[in-house]
Amino acid sequence: MGPGSMWSELACPWQACLELAWEAYCDDCYPIGAVVTDPAGRILTRGRNRIYEMNSRHGRQPGNELAHAELEALQAFPYGSADQHACSLYTTTEPCPMCMGTFYMSGLRTLYYGARDPWAGAVDLLGKTWYLGHKPIRVHGPQPPVMENLIWALFVEQDCRFHNGKLPDGAYYERLGGVLGEAIALGRRFWESGEIHSLRQRAATAGEMFERLGSLVQ
């Protein structure tokens, strides 16, 4: 990527998260990636969604609903040799209740997420009970601005691919549509145009994907 490109303007943790999300997408898993960084922004651990991973090197069977990106990154954290209180979790998508609880109990204090999740996002659990309210947690999201529409467009295009161009009926897309209507429209557009399929077929990098699709998301 050349100087001044959209990709080069992303902070390194976000680049890593998108690389992992794109890897997951290309493996027919949900496009979610996460990293843990130290106070200087250096990446300590990485994780990506592996729920439907077919050729797992991690000893998991496809369909393991616990194989979430944030959980993988947090489980790999070097507890005992790094100060978790000073570290941060970055994730492309707002954590679900399981991942939010794991983050809270991990000892990390700062969370960055790229896209809201109107269906399973659980940031609002903070402060709902005494235990989930007494730690000094800092949450930043959604950010950066292009991330939300791009991540959800990948989700929607993937769902169209899995269902022969149609999105499943029901409460899931009704809820998403009320918050992320633009992203759903983009996902449908990407499915119809074949742009994401083309990028996947030629083994494009996450940076190439982000440059191409991000320019259309703006």
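1. In this predicted model, the buried residues of helix α7 are covered by elements that include α1 (12–26), α4, α5 (171–193) and α6 (195–201).

2. The residues of α7 that are buried are Ala206, Gly207, Met209, Phe210, Leu213, Gly214 and Val217. They lie on the same side of α7, because the arc they cover around the axis is only 145°. An α-helix has 3.6 residues a turn, so residues three or four places apart point the same way.

3. The length of α7 (residues 206–217) is in agreement with its residue count: at 1.5 Å a residue, its 12 residues should span 16 Å, and the end C-alpha atoms are 15 Å apart.

4. Phe210 and Leu213 also belong to the largest nonpolar core, which holds 58 residues. Together with Trp22, Val36, Leu89 and Phe103, they touch the most other members of that core. The element that gives the most to this core is helix α4 (residues 145–162), with 10 residues.

5. Apart from neighbours within four places in sequence, Leu89 is in contact with Ala34, Val35, Val36, Glu70, Leu74, Phe103, Leu108, Thr110, Leu111 and Tyr112. Val36 and Phe103, among these, are likewise listed with the core members that touch the most others.

6. Asp38 is found in the loop that runs between β1 (33–37) and β2 (43–48). Its relative accessible area is 11%, under the 20% limit, and Asp38 is therefore buried. A polar atom of the Asp38 side chain lies 2.9 Å from the backbone nitrogen of Ala40. With neighbours within four places in sequence left aside, Asp38 is in contact with Leu44, Ala86 and Cys87.

Technical notes: Residues are numbered from 1 along each chain as its sequence is written. This is a predicted model: local features need pLDDT of at least 70, side-chain atom pairs count only at pLDDT 80 or more; totals for chains, interfaces and linings use all residues. Side-chain values use heavy atoms; hydrogens and water are left out. A nonpolar core is a set of buried Ala, Val, Leu, Ile, Met, Phe, Trp, Tyr and Cys residues joined through side-chain atoms within 4.5 Å. Buried means under 20% relative accessible area, exposed over 50%, partly exposed in between (1.4 Å probe, protein chains only). Helices (H or I, at least four residues) and strands (E, at least two) are DSSP runs, numbered from the N terminus. Contact means heavy atoms within 4.5 Å. The expected span of a helix is 1.5 Å times one less than its number of residues. The arc is that of the directions from the helix axis to the C-beta atoms. A polar contact is a pair of N or O atoms within 3.5 Å; within protein, one must be able to donate a hydrogen and the other to accept it, and residues adjacent in sequence count only if both atoms are side-chain atoms.
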